[in-house]
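Please open the model in your viewer and keep the sequence panel beside it.

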Amino acid sequence: MSNVEGKATAITVMSPVWPGARYYLSLLFAIARHPLAKKGLGKLETLSFIHYARWTVISKFPDGDRGEKLRCSYLLFESNFNGTWSEYIDAFSEVVPVRMWAIWFTSFGFPGPQPVGPFKQYIRKNEYVANHYWSAYPGASATEVISAGRAATAVAQLRERAEGLDDAAFEEAYREMLTTIQRGL
Amino acid sequence: MGDSNVSGQAYALTVMAPIVSEEVSELVNYLDNLGSGNASPLSKVGGTHFARWVVMDNLVFEGGRQRPDSWSGPRLLFTSNFDGSLDSYLDRLHSGLGECADLVWGHCRDYPQGQGLQAFSDWIKRYQIDTSLFYAAYGKMTVENVLHSLDVRSRLAAFAGRHQGASAAELKAAFLQEFQS
């Protein structure tokens, strides 16, 4: 039983929401998915330690067409991030408190993202620990993956141009490439 | 607006299947003792970035105006962030997990043990829940892209260190050799 695999940490939270809140949440997430509202998700990019995250509104437990009806709906949240659980909750609370509030204020017992102490207690109460957790690249943080992607692209581009450059021009292009991507190395 | 389970080329699969109540402990014991890293059965399922199994054995009751829920039994949550389409992934999941799929989901209701890919895929889809909002920091990168990029990044850092002070001609020749297309 573990929420940790190398640098990656899993969080799984399922919170009960107010009656009717599923309509509000479905609308909120539909708006957030719209291409014109990408800034809403873009703010998550400032939380550079997140690999993948998802929210799922559950109004009945699935079972084909029938499903198992529930008295209240639930909001399932899962995230894959690097760093500790406590740092993660701190960052959410500090960096995106308004978005946190907009998503979770319809959850029973939600104390708000600030102050962070009661918020952490709330998350702990609604959290499930993974019985098995796996990552394809446990040694890499999300930032390292993104910077590696930039480095690989830059190397491939220079490799493509290299044959047509004389030695001096290649050296200049190589230094320029390193300067551009060095923060990620 | 497209499939809410998709971001870039990445897909968010969420499956919540009912566990046979008498078999919860056995399932928990099995999952808790699976190996990590390359020993994990999920390492054999190509294109999986992150995945987890979670036994959900209770529903949270916060009190107040919340009406307590009962359910037919505990649920096994499986989530995966993977490359490509759902159907091709379920094929890889079925073949990659092999008998492990049966040993895990065989503790769930109506699981089609040993009935082949189509029955497996249909059963997984029966218990799938669509994602409402999916965020992927690098949704265009496949697992293969990520691993290749990390390797290039590591080799480039080492290369840069090794070739400080090299002449332009040496640098170019070494670069072309190190990063052959």
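Begin by selecting Thr12(A), which, leaving aside its neighbours within four places in sequence, is in contact with Glu78(A), Glu127(A), Tyr128(A), Ala130(A), Val54(B) and Leu77(B); two residues are in contact here if their C-beta atoms, placed from the backbone, lie within 7 Å. This is a predicted model, in which local features need pLDDT of at least 70 and side-chain atom pairs count only at pLDDT 80 or more, while totals for chains, interfaces and linings use all residues. Residues are numbered from 1 along each chain as its sequence is written, and chains are lettered from A and ligands numbered from 1 in the order in which they are written.

Is Thr12(A) buried or exposed? Thr12(A) counts as buried because it has 20 C-beta neighbours inside 10 Å; a residue is buried if 20 or more other C-beta atoms lie within 10 Å of its own, exposed if 12 or fewer, and partly exposed in between, with C-beta atoms placed from the backbone.

**Strand 2 of chain A**

Now widen the selection to strand 2 of chain A, where Thr12(A) is found; helices (H or I, at least four residues) and strands (E, at least two) are DSSP runs, numbered from the N terminus. Eight of the nine residues of this strand (residues 8-16) are buried, so strand 2 of chain A is largely enclosed by the rest of the structure.

Strand 1 (residues 4-5) of chain A pairs with strand 2 of chain A in the antiparallel sense over two bridges, and Val4(A) stands opposite Thr9(A). These two strands form a hairpin with two residues between them, and Gly6(A) in the turn has a positive phi of about 65°. With strand 4 (residues 68-82) of chain A, strand 2 of chain A has antiparallel pairing over nine bridges, and Ser79(A) is the bridge partner of Ile11(A). Strand 5 (residues 127-128) of chain A also runs antiparallel to strand 2 of chain A and is joined to it by two bridges, with Glu127(A) as the bridge partner of Val13(A).

**A sheet with strands from both chains**

Next select strand 6 (residues 132-135) of chain A, from which His132(A) and Trp134(A) point one way and Tyr133(A) and Ser135(A) the other way, and all are buried. Strand 6 of chain A pairs with strand 3 (residues 48-56) of chain B in the antiparallel sense over four bridges, and Tyr133(A) stands opposite Arg52(B).

In what order do the five strands of this open sheet come? The order is 6(A)-3(B)-4(B)-2(B)-1(B), with antiparallel pairing. Strand 6 of chain A and strand 1 (6-7) of chain B stand at the edges, each with a single partner strand, so one side of each is left without a neighbour in the sheet.

**Where the chains meet**

Colour the two chains separately and look at the contact, which takes 68 residues from chain B and 68 residues from chain A. On the side of chain B that touches chain A, the largest share, twelve residues, comes from helix 5 of chain B.

Select helix 5 (residues 143-162) of chain B together with helix 6 (residues 142-162) of chain A: their axes come within 8 Å and cross at roughly 75°. Axes are lines fitted to C-alpha atoms, for helices over the stretch in contact, and angles run from 0 to 180 degrees between N-to-C directions. The two helices are therefore roughly perpendicular to each other, on a scale where angles under 35 degrees count as roughly parallel, over 145 as roughly antiparallel, 65 to 115 as roughly perpendicular and the rest as oblique. Among the residues that meet here are Val145(A), Ala148(A) and Ala152(A) in helix 6 of chain A, and Val146(B), Leu150(B) and Arg153(B) in helix 5 of chain B.

**Last stop: the domains**

Chain A is divided into domain 1 (4-128) and domain 2 (142-184), and 38 Å separate their centres, taken over C-alpha atoms. Chain B is divided into domain 1 (6-126) and domain 2 (143-178), whose C-alpha centres lie 41 Å apart; domain bounds come from an automatic or database domain assignment.

Methods
Two strands pair if DSSP finds at least two bridges between them.
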